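Here's a quick briefing to read with the model open beside you. Let's go through it topic by topic.

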Amino acid sequence: MARNFKEQGNEAYKMGPKGYPDAIKYYTQGLEQNCSDSSINALLHLNRAAVQVSKQNFGLALEDCRAALHLDRSAEGFEGVFLKGNLRAAKACLGLGMFQDGLRHLEKILQYSNSASVLDEATKLKKSTMEAQEEAERKARELEKRSKVDKKIDILLKSRGISRE
């Protein structure tokens, strides 16, 4: 039964943004079946995470990735779950501005994957994550600098009896 919901979710996901609500619904219904096959449950979580990343619901995507990665690691197909889970978790972390967590997920992929395409995607995402982190840090420094200038201006204006309000 859970496998059927997974397939229905996959079909809905292929429809693009208009199919995303149905895809989430089907994947959720699949999880609600409490299937004894942990690999199916992991795939349901990962597929729902893919939809959530596409919708930029990064927090929900990260929750699903974590759930998938915590399932029985001896399950058949866990290597694929491990790679997809970490890759999608990294994308979610990037979307949330959790750069260090995202980089940790990517490092796991780079350490354990033998797939050239997965390694290539992880390497590109790592570069993007590092660039985004540098940009966020630059903006934070700029904001801090502006804040200090604003405080100095406020002090100067106040000393002259002028208010900016």
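By how many helical turns are Glu144 and Lys148 separated in helix H7? About one, because Glu144 and Lys148 sit four residues apart in H7. Their side chains also meet in a salt bridge, at 3.6 Å from N to O.

Before you dig in, a word on the ground rules. This is a predicted model, with local features needing pLDDT of at least 70 and side-chain atom pairs counting only at pLDDT 80 or more, while totals for chains, interfaces and linings use all residues. Residues are numbered from 1 along each chain as its sequence is written, and side-chain values use heavy atoms, leaving out hydrogens and water.

**Helix H7**

- Helices here are DSSP runs of H or I with at least four residues, numbered from the N terminus.
- H7 covers residues 116–159, which makes 44 residues.
- The expected span of a helix is 1.5 Å times one less than its number of residues, and for H7 that comes to 64 Å. The C-alpha atoms at its ends are 64 Å apart, so the two agree.
- Buried residues (under 20% relative accessible area; exposed is over 50%, partly exposed in between, with a 1.4 Å probe and protein chains only) in H7 are Val118, Ala122, Leu125, Thr129 and Gln133.
- After H7 comes Gly161, with a positive phi near 75 degrees.

**Salt bridges**

- The count for the whole structure is 15 salt bridges, each one a side-chain nitrogen of Lys or Arg within 4 Å of a carboxyl oxygen of Asp or Glu.
- Back to the pair we started with: Glu144 is partly exposed, at 47% relative accessible area.
- Arg138 and Glu142 pair up through their side chains as well, at 2.9 Å from N to O. They are four residues apart in H7, so about one helical turn separates them.
- Both partners are partly exposed: Arg138 has 35% relative accessibility, and Glu142 has a relative accessible area of 33%.
- That pair belongs to a salt-bridge network linking Glu135, Arg138, Lys139, Glu142 and Arg146.
- Over in helix H6 (residues 99–112), Arg104 and Asp101 lie three residues apart, about one turn of the helix. Their side chains form a salt bridge at 2.2 Å, N to O.
- Arg104 is partly exposed, with a relative accessible area of 48%, and Asp101 is partly exposed too, at 25%.

**Cysteines**

- With the cut-off set at cysteine sulfur atoms within 2.5 Å, a search of the whole structure turns up zero disulfides.
- Cys65 is buried, at 0% relative accessible area, and Cys93 counts as buried at 0% relative accessibility.

**Positive phi in two loops**

- Most residues other than glycine have a negative phi.
- Asn34 isn't a glycine, yet its phi is positive, about 50 degrees. You'll find Asn34 in the loop between helix H2 (20–31) and helix H3 (38–54), and it is exposed, with a relative accessible area of 66%.
- Gln56 also has a positive phi, about 65 degrees, without being a glycine. Gln56 lies in the loop between H3 and helix H4 (58–69) and is exposed at 58% relative accessible area.
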